[in-house]
Amino acid sequence: MSTDRQKRQTRLFIAFFLLAGAANTLTRTRITLFDTFMFCLNIAIYAGLLLFWIQSLYQRLLPSATRRYMITAAVLTIFYLSFRATVYRIVLSSALLKRLFIYFYYVPLTLIPTLFLMACICISRRDKGESRWSERWLLIPAAALSLLFVTNDLHHLVYQPTIDPAAFSVLAGTYTYGLTFYLAYGWIGLTVAAGVILLQRAGRTSPRRRREMLLIAALWIAVFILYTVVDRFDIPMPYRMPGIHVIFMLAIFEKCIRNRWIPYNENYPGFFAQLDLPVIITDKALSPVWATAVPVRAAADQLKAALAAPIYPDPDTRLQGMPVRAGYTFFTEDESSLNRMNEELQEANELLAEENRLIEREQELIREKAEVEERGRLYESAAREVYPAQKKISELLAAAKPGTPAFRDQAAKILVLTACVKRRANFVLMRSERKTISAGEIVSALREPAHYLKYCGITASVDSEAEREFPCEEAMALYDSYETVIEALLDRTKELWVRLSDTELLFLADVEGPFRTPELPVKAEQKMEEGQLILRLSLTGGGKA
């Protein structure tokens, strides 16, 4: 705000203040209509001055906390004047109503000095944020005192009536003051004094301005004392004390603003033009009015489109608009770094995707290799299992001479042993895939070598009563025993009957002469009856025959 403009506003403010004093003086003419008009004019001037000052606080862009406390104090001052005018200027027939208005009159009277002190605290620390304690805690005692005033009818700690409480209307001579009344005025005086002291500390860098502020405070005290003395002699004065308090509070705050103890800015175009942001403000016709130091490059049709939804004048610039009072504001956001990051992220995602594909392929190869190795181990294990039988088959093949009398018997024996080797290898592979082998699979393995026994001159039959699943190790021990027994019976019998049950493998064979059961991996029980061999292989435990 320029110095000339400040001086004009100060002169205008003083002129209206003098007019308010004249209006207050002219309320004593005893002409009812004229007195009422002057009274209303007096109240309107005070309210207008306060509202004008509130508007100026918004225009000067004060710090948020200080401005909030000052505006709240100004609004409460308007209520303070209104309550006082209602109590002392308007005739109230109801004692209760008049009493309540007086009680509520003390609410702004208690809160305004508290807000004055809170604003002074913010000024003293230059609105640098909250310190170890917040000035808002001061509202608690002020609110407590206000509540005691409002609820005086319940406890009479403020006004103590000396007449019937129902008829009490706070008239002089009908009450005495309670302790809370003195506490409230002590609080008011303490907060005002503390605020003035804080302002003196805030202006310690400028002695001249400190003296000016001290002069305003001293003048406030002097006028207060003068009015207190004059009031005892009932001498008419142009102002009431509430008006005096209002003017001096505004004078102190305004002096703080003009001394720049409270920072502010009214040079909107200059302030806006210095912003390092791409923003423009236009009128309703989309013509630029204010612009920042960073230009917004967009045509009128692009600005119009940006009001509905954000648009992109170029791939890296996002333009957005919104309505404001008397026009529109537009601003852009540089998204080039975001776009670069998105591109880098997309490249990284593609690289990761390719790496994931390679990893998946590698895992597939590892699994395939593991499967091949596992199959190799299984085949190697199967080969070890059947090696003795294969060696025996190789020896028989080497000894077999086509055209000789023994060739047919040798070939038949080779067929039987080959069938046993194949089935034993199958069991080895099954053991790697599962834990049990069904009775049907075991019977099928028993019947295949029995089928080839007919070429050895042996009539063989395999029956089954088994229903359970056999553990792989038990099934392989059973099959090894079966192979060993039929190999031992090749040259000793012409008829063989085999039966598999859940608990045993039974052999019945016609055998000439004594028969010795070979070593078996399962428990065997043998007996001879009338030239018939009865051999029982127990499936409930291992052992040697």
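This is a predicted model: local features need pLDDT of at least 70, side-chain atom pairs count only at pLDDT 80 or more; totals for chains, interfaces and linings use all residues.
**View 1. A salt bridge between Arg340 and Asp316.** The side chains of Arg340 and Asp316 meet in a salt bridge, with 3.5 Å from N to O, and this pair links distant parts of the chain, 24 residues apart, since Arg340 belongs to helix 12 (residues 336-399) while Asp316 sits in the loop between strand 5 (311-314) and strand 6 (317-324). Arg340 has a relative accessible area of 35% and therefore counts as partly exposed. The structure holds 16 salt bridges.

View 2. Arg318 forms a salt bridge with Glu333, the closest N and O atoms lying 3.2 Å apart, and the two residues, in strand 6 and strand 7 (residues 327-334) respectively, are 15 residues apart. Glu333 is partly exposed, with a relative accessible area of 35%. The side chain of Arg318 also meets that of Glu335 in a salt bridge, at 3.9 Å from N to O, where Glu335 is placed in the loop between strand 7 and helix 12, 17 residues from Arg318. Glu335 has a relative accessible area of 13%, so this residue is buried.

**View 3. A salt-bridge network.** Glu465, Arg499, Glu504 and Arg536 are linked to one another in a network of salt bridges.

**View 4. Packing of helix 2 against helix 3.** Helix 2 (residues 32-59) and helix 3 (residues 64-89) pack with their axes 9 Å apart and at an angle of about 170 degrees, which makes helix 2 roughly antiparallel to helix 3. The contact includes Phe39, Tyr46, Trp53 and Tyr58 from helix 2, and among the residues of helix 3 are Arg67, Met70, Thr77 and Arg89.

View 5. The structure holds 23 aromatic pairs. The rings of Tyr106 and Phe149 have centres 4.4 Å apart and planes at 10 degrees, so this pair is stacked; Tyr106 lies in helix 4 (residues 95-124) and Phe149 in helix 5 (residues 139-150), so the pair ties together parts that are 43 residues apart in sequence. Tyr106 counts as buried at 7% relative accessibility, as does Phe149 at 0%. Tyr482 and Phe507 form a stacked aromatic pair, with 6.0 Å centre to centre and 25 degrees between the planes, and both residues are buried. Ring pairs link a cluster that includes Tyr80, Tyr103, Tyr106, Phe149 and Tyr185.

Definitions and conventions
Residues are numbered from 1 along each chain as its sequence is written. Side-chain values use heavy atoms; hydrogens and water are left out. A salt bridge is a side-chain nitrogen of Lys or Arg within 4 Å of a carboxyl oxygen of Asp or Glu. Helices (H or I, at least four residues) and strands (E, at least two) are DSSP runs, numbered from the N terminus. Buried means under 20% relative accessible area, exposed over 50%, partly exposed in between (1.4 Å probe, protein chains only). Axes are lines fitted to C-alpha atoms, for helices over the stretch in contact, and angles run from 0 to 180 degrees between N-to-C directions. Angles under 35 degrees count as roughly parallel, over 145 as roughly antiparallel, 65 to 115 as roughly perpendicular and the rest as oblique. Contact means heavy atoms within 4.5 Å. Rings of Phe, Tyr and Trp (its six-membered ring) pair if their centres lie within 6.5 Å; planes under 30 degrees apart count as stacked, over 60 as edge-to-face and the rest as tilted.
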